[in-house]
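Here is a short briefing for a reader meeting this structure for the first time. Please look over the sequence and the model, then read on.

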Amino acid sequence: MAGPRPQPRLRAALPLPFQPNTIWNGRLKADDAGRWWVFDTGIRGCWSRAAAADFIRALPGPGGQAYSVRAAARLPDGRLLVSSYGRILTQAADSPLAPLRPWLGAVLPSGNAPVLVGIVPASLGPEGDWLAAGAYPLLRFTPRTGQFRHLVAQGQKSADIGINSLERDPVSGQVWAATRIGLYLYDAALRTFRPYVPPNQPAGTPPLAGRRLEDVHPDGRGHLWLATPEGVERLTLRTGGRVRYGPTSPAPRRVALDGARCLYLAPGGRVWVGTRSHGLAVIEPDGRARLVLTLGQGLPSASVASITPSPGGYLWLGTYQGLVRYQPATGQLAVFTTAHGLASDECNARAASIDPADGSLLIGGVAGLHRVQPDRVPAANTVRPRLLLTGLTSLSASAEASRTRYLLPHDAYPALHLAPDVPLVDLSLALTNTANPGQARYAYRVRGWLADQWIGLGTSPQLRLQGLPPGRYTVEIRAETGQGLPAANVLRLPLTVTAEWWNRPLTWALGAGAAVLAVYLWQRNRLRQLRRENELRARLAADLHDEVGGLLTRVTMQAELLRELQQGPPARLDALVDDSRAAASTVRDIIWSVDTNADTLAALVDRIRDYLDATARATGRQLLLDGSGLPLTLQQPLPPAVRQHVYLIFKEAITNALKYASPDSPVAIRLSYASPLELEVSNEGEAAATSRAGQGLRNMRQRAELLRAELTVGPVPGGWQVKLRVPG
């Protein structure tokens, strides 16, 4: 530089494939073949100079300055119109690579944001005027003179409407405006924009009033597709009905479409959606929606600003980190950045179009307009890159035990091992022979885990392995360049995962075996104990029957003989006979309660019938048993405690009924068994007094609680009732 203290100025004669740091510590080196290599110690990788096809050209701005582009169109006289912030630029029709020049006659009206965000290059009348839109007002543009005039939007001030997108329906010729306050339609007769209202509701409220709309596209079949911050909507123009697609919609329309910002309607009926933070999505003709490209699948940026088609079935996606060429039929993905001719990697929203002059793509970015020739994109490099493992870090629980090992290409691949003391392993990767290694994409899978599914790493050259279940696996890693050329090799690394002794399969198997053995031994011991109890009960029942029962029978017979011979006072002999009979009955009850052969429903029913017969003979009362609720076969087993307590509750209920019921009224007993077991004892006489707090009632309640049964005792219309429900 000139001056009292001249300083050298560095100017790159050839464009670098990366953006240098503020302080560039670069090196140049020539090899034996005469090729020049360049690298920067602060940038990953190194590059060699080679001839490349010139398919992306950044159009230079006035004076070589950068300029941000929001819209471009071809004028009727063949010139290229470019809208940049603060000025309207043009390029001569016969000079596609010439610098852009300001169009001095084209001045945006006062009060307009200094840029055009939309142009409809179609004549609206005999004057040949076009429609255009600034960030705020709607405009009428005369291509011949460059004159702009305000257009009125019904019910709105020019600064309030906020235009985001302007689109013309190629079938009907209608022009639609997506704004920050709703959807507007151009009325050619009145030369004004008016809010959209369904034709069948001419006096109704605009259905989209107050809604922010990012983009609008008519499908030519009576529908509009709208991009909104909440998702995507398909609007039926005739009725105003809408079908919504987004994260809150029902399946199959539920997909992460919030932040939708640009749309492209493909001829086959597909709707492609670029989102602000989720990548690229598609809505199929049958209504199914899904995400197609995300960061994990190689998209350099999650924000898709524009979608433009090209021959061959390709879609060109403008993002904040480069231009992406995507072929849906094959899934092939190629990323182009400043290394391929872009002035900047950041593209502007909805600033892409097709030049009708030659079919090239016009891609607007923050640093200028780019002309992309899709048919000149070079074929993939015939020399496929190689994927390298450059580093291995084993992270231990303690920082001192963690270690990193750097690998050279000729080193053998190591075997990986995860263990309790080494829970994490980080792998560092690199892809050789690629112009932009930062755009290389990686993916991995672990054979034997997650159904061998490939998992994308995006452009991150780091892989962390952790949290796998114990076992032996093979880790496979693949990569491809930013242009979609796969690496010549796939890394395959053996992986062994071990766990704590208590978390190993053998330990779990032994634990399960021990648990099964413990349950078996407990069950066998329980059966053995039950067998001993049953044997004891049988022996006790036999001994009581043979010894005590026989003794009480002899005492009863002797008392009856003495009474007949009148060898003592009659009253005492009668009491002796009654007591001996009661004792014999009690012993029979005890024998029945411990007899193992009586643990059935049949034994309980027989015992109840015997007691009712004996009581009816002794008292002369009418006792009615209803067994219609019993099953045909009565061999169902009953636990000893159930039959014992049910029988004793039955006896106490009969005693109370005979004691308090009217002398001439019968006592009704109903017994049923259908899980639960139900017993009901009631009399048909007058209701007894409600205060019966005797020992018998307390005993019945205690026995019911032991059985976890429901006991109801109390007056009923016409008498008194005891009802017992024993759960199955």
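This is a predicted model. The lining of its second largest pocket divides by class into 22 nonpolar, seven polar and seven charged residues.

- Seen by element, two or more lining residues come from each of β5 (69-74), β9 (116-120), β13 (163-168), β17 (215-218), β21 (260-265), β25 (304-310) and β29 (347-354).

**Helices α3 and α4**
- Two packed helices are described by the angle between their axes and the distance between the axes.
- Helix α3 covers residues 601-619, and helix α4 covers residues 640-660. Their axes come within 11 Å and cross at roughly 20 degrees.
- Angles under 35 degrees count as roughly parallel, so α3 and α4 are roughly parallel to each other.
- The crossing of α3 and α4 is right-handed.
- From α3, the contact uses Leu604, Arg607, Ile608, Tyr611, Leu612, Thr615 and Thr619. From α4, it uses Arg643, Val646, Tyr647, Phe650, Lys651, Ile654, Thr655 and Leu658.
- Nine nonpolar, three polar and three charged residues make up this contact.

**Helices α4 and α5**
- Helix α5 spans residues 695-706. It packs with α4 at an angle of about 155 degrees, and the two axes are 10 Å apart.
- Angles over 145 degrees count as roughly antiparallel, so α4 and α5 are roughly antiparallel to each other.
- The crossing of α4 and α5 is left-handed.
- On the α4 side, the contact is made by His645, Leu648, Ile649, Glu652, Ala653 and Asn656. On the α5 side, Gly696, Met700, Arg703, Ala704 and Leu706 take part.
- By class, the contact of α4 with α5 has six nonpolar, three polar and two charged residues.

**Backbone details**
- Most residues other than glycine have a negative phi, and most peptide bonds are trans.
- Ala251 and Pro252 are joined by a cis peptide bond, with omega about 5 degrees. Pro252 sits in the loop between β20 (242-245) and β21.
- Arg191 is a residue other than glycine with a positive phi, near 50 degrees. Its place is the loop between β15 (182-187) and β16 (192-195).

Notes
Residues numbered from 1 in each chain as written. Predicted model: local features only at pLDDT ≥ 70, side-chain atom pairs only at ≥ 80, totals over all residues. Heavy atoms only, no water. Helix = DSSP H or I, 4+ residues; strand = E, 2+ residues; numbered from the N terminus. Nonpolar A, V, L, I, M, F, W, Y, C, P; charged D, E, K, R; others polar. Axes fitted to C-alpha atoms, helices over the stretch in contact; angles between N-to-C directions. Parallel < 35°, antiparallel > 145°, perpendicular 65-115°, else oblique. Left-handed = near helix turned anticlockwise from the far one by under 90°. Contact = heavy atoms within 4.5 Å.
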